[in-house]
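Hi,

Here is the structure I promised to pass on.

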Amino acid sequence: ATIYSLLGQSEKLAGRVDLAINAHNQILALMPKDTLRYTQSLLELGDMLKEDNPKASVDYLTEALNLGYAPTLLKASIHITRAKVYQLMNNQEQADKDCIEALILIMEQIRGRAPYVKGEFKEKLWEIVRKLIGETASLTVEESSNGLKTGLYNAVLCAKGFLLSSERSIKDAIYTEPELSEYIPLYEKCRNFYDNRKKWGEQTEVSAEEYVNLFADEMKFTIAANKFIDKYCSYLNISFATVKEKLPEEAVVVDYFNFMNLKNEQEYIAFVYRKESEFPQIIRVCEETDLAEIFHKMKADHNSGYHSSLLYNCSLPFGHSMRKIIWDKIASQAGISACNQIYFVPSGSINKIVLESLPAGECDENVTLEECYKGFNRLSSARETLNSGELRFKDIALFGGLDYEEDCGWESKQRGYCVNEADGGIVIPRPWGNLAMTSLEVNHI
């Protein structure tokens, strides 16, 4: 069955779908129905037949779900695949229902695993979750139900909460809950192990045993903290309803989300809503290639004098073109006006664009986008609006010229990484030092 599975993958990649279908049919003939391999082959057959034989595709996918042997995220994937088939059959209502079921499963998985995963495991889970949510976003259209639109945004909020979480949930529980105080020495022992462990390639022959003991110790305080963990994972339970309830009357949230769509293009959408909104409005903004085209034109027109600041020069066309792509469509479709307080959450490459400083007037009119509205707040997550009162600052403190190793008497082992903007590569690690230029910046401000 394993060989047939590999053969099926190879034939599918080579475009020989008939042979791939034959390979998976062989697996169905070989394997008992109560095995994961059987369910996976049903999913593969359903996916390959969705365009040529949608009825058979639905039958295979329905059987895969009814068998009940698929793990949570695989089950979500089966629902999404069946939603694609129903959409091809012009049955958007049933497609929406499958998408909603998939989103519920995805959020269940995030909330169940997020407090306990870290490092590469967290990154791997994020990749899977992002892919599944992206596929669901691709299937969500203007005619989709309000329930799907709300469910999609709730899943995005949950996923962003998982991505932005500090991995401190268990630590905070152990140091806060009196019942867990006995586990503090064990927790510190494990943290000390991580801080002082040898680099990969330098382990000793007892390293394997040390890692096994570490895992056992971590499980002891992890299991003990489980009954308290929900209190320290509130970032996973932010929803459309909780965010909009706290919004000021004049506020509008514009929450961008980027994902790989069904055409394998990086696409941007925006969730837009107000306090009185019954569901988030979903506006399809652009694709990554639309943004890249503007930057390529900037480089072509200003070869040796190219700098990203050209985007904010009101006398040049680039900033106006960018604003039309990532803002004007949203403002028009959502009815955003000058009296609104804007809370916008960038995503993907839009993080690199100072949206609020894009030129808003005609060429030679030195007016920026943020000057056109009552307020224009950039947030890292919509959950920041839950403390919107804290966003209205009365004072500001600026820090510059930090020297991380001044008079410390020892060389820091920490290393900072710098991204080469020319090719996106990572340059050689180097110690944190004196940030002298930031002192000039602060004094200038």
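Val253 has Tyr273 of β2 as its bridge partner. That pair belongs with strands β1 (residues 251-260) and β2 (residues 266-273), which run antiparallel and are joined by 8 bridges. Strands here are DSSP E runs of at least two residues, helices are H or I runs of at least four, and both are numbered from the N terminus. Two strands count as paired if DSSP finds at least two bridges between them.

Before going on, a word on what you are looking at. This is a predicted model, so local features need pLDDT of at least 70 and side-chain atom pairs count only at pLDDT 80 or more, while totals for chains, interfaces and linings use all residues. Residues are numbered from 1 along each chain as its sequence is written, and side-chain values use heavy atoms, with hydrogens and water left out.

Back to the sheet. It is open, with 5 strands in the order β3-β2-β1-β4-β5 and mixed pairing. The edges are β3 (281-287) and β5 (375-378); each has a single partner strand, so one side of each is left without a neighbour in the sheet. From one strand to the next the twist averages 20 degrees. Two helices pack on this sheet. Helix α7 (residues 119-139) touches β1, β2 and β3, and its direction makes about 110 degrees with that of β1. Helix α13 (residues 288-301) touches β2 and β3, and its direction makes about 45 degrees with that of β3. For these angles, axes are lines fitted to C-alpha atoms (for helices, over the stretch in contact), and values run from 0 to 180 degrees between N-to-C directions. Touching, or contact, means heavy atoms within 4.5 Å.

The cut-offs are under 20% relative accessible area for buried, over 50% for exposed and partly exposed in between, using a 1.4 Å probe and protein chains only. Leaving aside residues up to four places away in sequence, Ala270 touches Val254, Asp255, Tyr256, Gln281, Ile282, Ile283, Val285 and Ile330. Its C-alpha is separated by 9.6 Å from that of Ser347, 77 residues apart along the chain.

Glu356 sits in the loop between β4 (341-345) and β5. Is it buried or exposed? It counts as buried, because its relative accessibility is 12%. Not counting residues up to four places away in sequence, Glu356 touches Phe344, Thr368, Leu369, Glu370, Phe376 and Arg378.

Now the helices. Helix α5 (residues 72-88) has 17 residues and reaches 25 Å from its first C-alpha to its last, close to the 24 Å expected at 1.5 Å a residue. That expected span is 1.5 Å times one less than the number of residues. Most of α5 is covered, with 13 of its 17 residues buried. Ser77 lies in α5 and is buried because its relative accessible area is 18%. Beyond residues up to four places away in sequence, Ser77 touches Leu43 and Leu132.

Helix α10 (residues 184-196) packs against helix α11 (residues 207-225) at an angle of about 145 degrees, with their axes 9 Å apart. The contact includes Leu186, Tyr187 and Phe193 of α10 and Tyr211, Leu214 and Phe221 of α11. Its residues divide into 8 nonpolar, no polar and 6 charged. Here Ala, Val, Leu, Ile, Met, Phe, Trp, Tyr, Cys and Pro are nonpolar, Asp, Glu, Lys and Arg are charged, and the others, Gly among them, are polar. The axes of α10 and helix α9 (residues 169-176) come within 10 Å and cross at roughly 145 degrees. Lys171, Ile174 and Tyr175 of α9 meet Ile184, Tyr187 and Glu188 of α10.

Last, two loop residues. Most residues other than glycine have a negative phi. Asn90, in the loop between α5 and α6 (92-113), has a positive phi of about 60 degrees although it is not a glycine. Asn264, in the loop between β1 and β2, also has a positive phi, near 60 degrees. Asn90 is exposed, with a relative accessible area of 72%, and Asn264 is exposed too, at 64%.

Cheers
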